[in-house]
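Here's a quick briefing for anyone opening this structure for the first time. Have a look at it below, then read on.

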Amino acid sequence: MTSPGPIHGEHPIPQHTIRSARVVGDDGEESVLATVYCPVKERSTTVPECESCHRFHALHFDATARTTSVLCHTGPAGRGAERADVLRGVGKSLDPETPLADIMTRDVICVRPEVTVDEIATLLVRHGISGMPVVDAEGKPVGMVSRADVLRAAQERGDTEESERLTLRPDDVAPLDIEQGFHVYEPVKTAARDVMTPVVVQLHESASIRQAASLMAYEGVHRLPVTSDDGKVVGILSSLDVLRWFGRSCGYLIPPARKRA
Ligand code: SF4
């Protein structure tokens with residue numbers, strides 16, 4: 001997101017929030033892809049690429065929003081600055097050409113297709129989110145998995161079974177009798193690839209809110225992955241993000257600590 005940074009001299013230095021896409025594998029290992037949307041190049045760049053750019057000024061950590069940004073001299077003129085003016089001017093006007101990079105959820109959790117539904121449920125609860133992209137080895141989206149998919153998988157599997165009387169042998173220690181009415185829980189083995197909705201719609205981060213809103217409304221999509229030039233996931237856009245942008249532009253200020261859908 002392009003927004004005014006700390007003031008040095010007369011003009012604030014534009015700042016661009018660093019986004020992170022964390023990919024969780026079936027072994028629990030995580031890899032992180034950190035990117036910045038560059039309004040000059042109109043594409044994603046990496047932080048090292050920014051640091052070697054002649055416009056780079058500094059990295060800036062905002063303790064309130066808990067975000068880190070690249071401060072750089074992109075100049076007061078240009079499309080990025082105009083967009084920032086629109087975003088700063090709460091209630092001023094709605095710009096349907098605002099790029100998705102400015103409004104998408106920028107810290108996104110992704111999973112590989114082999115990750116189990118149990119692990120996905122844990123990630124959804126731990127991060128307070130309602131869905132996440134499923135990505136291949138290159139970080140490109142192959143599907144979306146939601147809370148509803150996880151619940152459906154558990155229901156279809158019939159993950160509880162009532163028994164009249166059972167004897168459990170945990171770790172081959174002493175047998176333990178349990179009474180009628182107790183349920184035996186089998187760990188869910190179903191993986192993300194079995195329950196996900198295959199990706200049929202994805203948008204580039206420079207696509208506009210106008211394009212996203214039209215697609216979501218008329219294709220019945222509530223959540224879609226946002227990708228960079230090389231097709232990797234750099235964010236996620238939900239219908240709620242679009243509504244929040246609309247609400248913010250109409251004058252409603254959203255507390256930064258509120259969780260995203
Ligand atoms: S430092 Fe350079 S590459 Fe990075 S966002 Fe600014 S202009 Fe773009």
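**Around the ligand**

Three elements each give at least two residues to the shell around the ligand: β3 (30-38), α1 (47-51) and β6 (67-72). Keep in mind that you're looking at a predicted model, so the confidence notes below are worth a glance too.

- There are 14 residues around the ligand, and the ones that come nearest are Cys38, Cys50, Cys53, Arg55 and Cys72.
- Sorted by class, that shell around the ligand holds eight nonpolar, three polar and three charged residues.

**A pair of helices**

- Helix α7 (residues 209-219) and helix α8 (residues 239-249) have axes that come within 10 Å and cross at roughly 130°.
- The crossing of α7 past α8 is left-handed.
- On the α7 side, Ile209, Ala212, Ala213 and Met216 make the contact, while α8 brings Ser239, Val242 and Trp245.
- That contact of α7 with α8 counts six nonpolar residues, one polar and no charged ones.

**How confident is the model?**

- The protein has a mean pLDDT of 79, with 72% of its residues at 70 or more.
- Residues 77-92 have a pLDDT below 50, and in the model this stretch makes 28 contacts beyond near neighbours in sequence.
- Another stretch, residues 165-175, stays under 50 in pLDDT, and the model gives it 13 contacts beyond four places in sequence.

How values were computed:
Residues are numbered from 1 along each chain as its sequence is written. This is a predicted model: local features need pLDDT of at least 70, side-chain atom pairs count only at pLDDT 80 or more; totals for chains, interfaces and linings use all residues. pLDDT is the predictor's confidence in each residue, from 0 to 100. Two residues are in contact if their C-beta atoms, placed from the backbone, lie within 7 Å. A residue is near a molecule or strand if its C-beta atom, placed from the backbone, lies within 6 Å of it. Helices (H or I, at least four residues) and strands (E, at least two) are DSSP runs, numbered from the N terminus. Ala, Val, Leu, Ile, Met, Phe, Trp, Tyr, Cys and Pro count as nonpolar, Asp, Glu, Lys and Arg as charged, and the others, Gly among them, as polar. Axes are lines fitted to C-alpha atoms, for helices over the stretch in contact, and angles run from 0 to 180 degrees between N-to-C directions. A crossing is left-handed if the near helix is turned anticlockwise from the far one by less than a right angle, and right-handed if clockwise.
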